[in-house]
Protein chains: 2
Amino acid sequence: MVHDPAGRRRTGLVVGDRSQWWIHEFSEGTDLIGLLAADAATREEAADAAARADGLSPSDVVLLPPVYPVAMRDFLTFEAHVEGVGKGMQGAAGVPAEWYAAPSFLFMAPHAVTGPYEDVAMPPDTERLDFELELAAVICRDVRNVTPAEAGAAIGGYLVMNDWSARDVQGREMKLGLGPSKGKDFATTIGPWIVTADELDDCRDADGFLDLDMSVRVNGVRVGGDRSAGMGWSFEHLVSYASRASWVKAGEVLASGTCGSGALAEAWGRSGRLAPPPLRIGDVVEMSIERLGTIRNRIVASGETVPPIVPARRRVPEEVQSMAGPEGNLIELLDRRAARTRRAP
Amino acid sequence: MVHDPAGRRRTGLVVGDRSQWWIHEFSEGTDLIGLLAADAATREEAADAAARADGLSPSDVVLLPPVYPVAMRDFLTFEAHVEGVGKGMQGAAGVPAEWYAAPSFLFMAPHAVTGPYEDVAMPPDTERLDFELELAAVICRDVRNVTPAEAGAAIGGYLVMNDWSARDVQGREMKLGLGPSKGKDFATTIGPWIVTADELDDCRDADGFLDLDMSVRVNGVRVGGDRSAGMGWSFEHLVSYASRASWVKAGEVLASGTCGSGALAEAWGRSGRLAPPPLRIGDVVEMSIERLGTIRNRIVASGETVPPIVPARRRVPEEVQSMAGPEGNLIELLDRRAARTRRAP
């Protein structure tokens with residue numbers, strides 16, 4: 001998706017190779033997710049029609065996120081990452097047995113997607129800004145209770161994701177056992193465009209897992225990378241799991257989770273030191289996945305933000321907590337307190 | 001939002017009281033979120049126009065979820081609930097210090113909303129189905145970096161939420177430190193309708209917190225309840241917190257988290273016993289919040305689901321894990337393994 005020279009938001013076909021490419025606009029009003037779900041002939045037709053017109057050069061357009069997701073899920077599928085981060089964040093070595101049983105995921109902030117080359121503002125409240133190198137799939141059909149074999153038809157294409165993470169904010173959230181959310185809601189870069197699933201048919205290993213080289217550079221220096229075949233499950237498995245007694249909808253983005261060595265936190269976990277250092281203003285993070293392209297974002301100073309909110313109003317004074325025994329007592333006490341509150345002016 | 005007798009999806013105005021009410025349809029194509037954001041005069045006009053036509057009786061319509069959220073967040077704002085559940089789920093008494101600092105939240109499955117009187121299918125893989133009694137707000141304007149004082153204008157109204165939870169599934173997810181998601185993605189009941197924020201102006205305590213009676217019954221027997229003033233923060237605070245360096249968008253639903261004694265898990269945590277028992281097929285869960293109305297759902301047998309997926313494909317054999325020392329070694333080993341995989345047929 002692009003802003004064209006006139007500032008209109010348009011979808012287009014990317015033609016070219018790594019060094020030189022053009023965007024050929026699809027006809028006005030083209031729904032990209034619908035096009036991904038269409039049969040091969042319809043897609044060819046749309047591509048041919050787009051290619052007949054002149055292409056726009058990269059300097060003429062601003063690349064936007066290829067999709068504004070209706071929901072975004074982040075899985076935890078790379079065993080190597082779980083093992084490495086576990087050492088730092090939970091203080092425990094090894095991979096929990098629960099990891100092997102099923103591909104856990106969380107719902108991400110869906111409104112935080114940023115374009116592939118867009119600047120990312122340093123979020124507030126963090127001294128430990130980090131990146132996460134991930135492979136992500138774009139869903140093009142609503143599915144529910146699909147097998148892995150059936151799930152393939154719901155995957156329209158793939159793209160690169162950087163799930164920016166404020167590790168200190170995230171750490172505080174995870175102590176409460178939910179999320180993390182606020183540690184990741186300021187930006188999620190996706191792009192540079194969507195490569196349709198059929199274009200990657202020759203990149204699958206014997207088990208059908210996509211096997212693509214993934215790498216991340218900070219200020220031009222490679223700091224991590226892996227191969228996507230390091231995932232514990234294929235994307236077809238992820239869709240099937242998510243769809244069990246639940247909807248996975250067209251326009252969703254499902255991400256692999258961080259690949260092995262795809263985040264600074266993993267190095268921090270393994271070494272016990274903040275090396276390489278957390279990201280700073282001015283740093284440029286560049287992520288590439290074989291066949292999918294490169295996203296590249298510079299960290300810039302944050303704008304003004306609203307002040308942090310006040311701490312919680314306490315409702316359970318310590319004496320009530322210690323009096324609260326078996327079920328019921330506390331509730332009764334709370335009821336009495338609530339009645340007092342109501343009488344207050 | 002309702003399905004009218006002809007099966008069309010329509011929005012309407014609810015007129016009446018607890019015992020008797022009617023729905024007066026808004027003019028076709030009315031956008032409920034837009035109407036919530038409109039000024040008082042515009043809303044009055046729409047209400048007057050709707051009220052002039054005959055009302056539909058509850059037996060003529062099927063009440064749908066009042067909104068299909070563009071995102072849904074669940075906060076953790078009731079100290080009493082955190083204290084009670086903590087005893088059971090994390091095995092630790094007391095409320096973590098992090099809870100008082102900021103209202104943590106997670107993003108919920110946005111496509112799982114169910115109507116206020118709709119049956120809920122027993123999800124697969126659980127022996128511990130539970131409910132969560134919550135108060136929720138509907139956002140009517142896009143906001144970013146707003147103060148609590150500014151946030152009020154973004155809250156269009158309130159409704160009752162039941163955040164159904166499979167505690168055993170959720171427990172496995174939480175061991176991995178993210179979500180929970182799959183333990184909660186099969187159903188979230190919201191309704192019965194939206195009560196606009198201005199209608200609750202007389203229900204605020206001295207600090208401006210909404211103070212409404214909340215209660216939950218299973219098969220007609222009251223099993224829990226609290227007052228909404230037990231929240232550690234007001235909804236205006238929640239919106240402000242969520243909006244810090246991030247978007248909160250029109251059509252989102254923000255929920256309070258479970259109120260004190262608003263879930264069976266809290267009783268389980270306090271007593272160390274599964275009493276009252278987990279929900280069973282045939283149970284009817286009814287939740288009421290003062291001024292907002294009642295939602296009521298029966299648990300029914302689940303339909304067919306897709307089989308569970310296979311366990312993870314292991315990529316880090318134990319000997320590699322134990323060899324992996326400081327940063328770098330593991331990555332190198334994985335690269336070598338990946339190269340082997342690529343050569344496999």
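Let me start with polar contacts between the two chains. In this predicted model, 37 residue pairs are in polar contact between chain A and chain B, counting pairs where both residues have a pLDDT of 80 or more. One such contact joins the side chains of B:Asp207 and A:Arg313, at 2.6 Å. There are also 8 salt bridges between chain A and chain B. One of these pairs B:Lys175 with A:Glu98, with 3.4 Å between the closest N and O atoms.

Which helix of chain A gives the most to the side that touches chain B? Helix H10, residues 329-343, with 7 residues. By type, the residues on that side of chain A divide into 50 nonpolar, 19 polar and 26 charged.

Now the interface as a whole. On the chain A side, 95 residues are in contact with 96 residues of chain B. Together the two chains bury about 8,400 Å² between them, and 58% of that is on carbon and sulfur atoms. Three residues supply 10% of the area that chain A buries against chain B, more than any other three: A:Arg244, A:Ile309 and A:Arg313.

Next, how the copies are arranged. In general, two copies of a chain are related by a rotation about an axis and a shift along it. Here the rotation that superposes chain A on chain B is 180°, with 0.0 Å of shift along the axis and an RMSD of 0.0 Å. The two copies are therefore related as by a two-fold rotation axis. Of the interface residues of chain A, 98% are also interface residues in chain B, so the copies meet through the same surface.

Let me go back to B:Asp207. This residue is in the loop between strand E15 (188-196) and strand E16 (213-218) of chain B. Is B:Asp207 buried or exposed? Its relative accessible area is 51%, and the cut-off for exposed is over 50%, so B:Asp207 counts as exposed. Its C-alpha atom is separated by 9.4 Å from that of B:Ala229, a residue 22 positions apart from it along the chain.

B:Arg270 has a relative accessible area of 12%, and buried means under 20%, so B:Arg270 counts as buried. Its side chain makes a polar contact of 2.8 Å with the side chain of B:Glu266.

Helix H7 of chain B, residues 235-243, is mostly covered, with 9 of its 9 residues buried. Among them are B:Phe235, B:Glu236 and B:His237. Just after this helix, B:Ala245 takes a positive phi of about 55°.

Now chain A on its own. Its secondary structure comes to 10 helices and 21 strands. Of its 345 residues, 58% are buried. Taking contacts between residues at least 6 apart in sequence, 73% join residues at least 24 apart.

That brings me to salt bridges within the chain. Over all chains, the whole structure has 41 salt bridges. I will go through three of them in chain A.

The pair A:Arg8 and A:Glu25 has its closest N and O atoms 3.7 Å apart. A:Arg8 sits in the loop between strand E1 (2-3) and strand E2 (9-10), while A:Glu25 is in strand E4 (residues 21-25), 17 residues apart. A:Arg8 is partly exposed at 36% relative accessible area, and A:Glu25 is partly exposed at 23%.

The next pair is A:Arg73 and A:Glu252, with 2.7 Å between the closest N and O atoms. This pair joins strand E6 (residues 71-75) to strand E19 (residues 252-255), and the two residues are 179 residues apart. Both A:Arg73 and A:Glu252 are buried.

The last pair is A:Asp163 and A:Lys184, where the closest N and O atoms are 3.0 Å apart. A:Asp163 lies in the loop between strand E13 (155-162) and strand E14 (165-166), and A:Lys184 in the loop between helix H6 (167-174) and strand E15 (188-196), 21 residues apart. A:Asp163 is buried, with 1% relative accessibility, and A:Lys184 is buried with 10%.

Which residues are linked with this pair in a network of salt bridges? They are A:Asp130, A:Glu132 and A:Arg167, in a network that includes A:Asp163 and A:Lys184.

Methods. Residues are numbered from 1 along each chain as its sequence is written. Chains are lettered from A and ligands numbered from 1 in the order in which they are written. This is a predicted model: local features need pLDDT of at least 70, side-chain atom pairs count only at pLDDT 80 or more; totals for chains, interfaces and linings use all residues. Side-chain values use heavy atoms; hydrogens and water are left out. Copies are superposed by least squares on the C-alpha atoms of residues with pLDDT of at least 70 in both. Contact means heavy atoms within 4.5 Å. Buried area is the accessible area (1.4 Å probe) that two parts lose on being put together, summed over both. A salt bridge is a side-chain nitrogen of Lys or Arg within 4 Å of a carboxyl oxygen of Asp or Glu. A polar contact is a pair of N or O atoms within 3.5 Å; within protein, one must be able to donate a hydrogen and the other to accept it, and residues adjacent in sequence count only if both atoms are side-chain atoms. Helices (H or I, at least four residues) and strands (E, at least two) are DSSP runs, numbered from the N terminus. Ala, Val, Leu, Ile, Met, Phe, Trp, Tyr, Cys and Pro count as nonpolar, Asp, Glu, Lys and Arg as charged, and the others, Gly among them, as polar. Buried means under 20% relative accessible area, exposed over 50%, partly exposed in between (1.4 Å probe, protein chains only).
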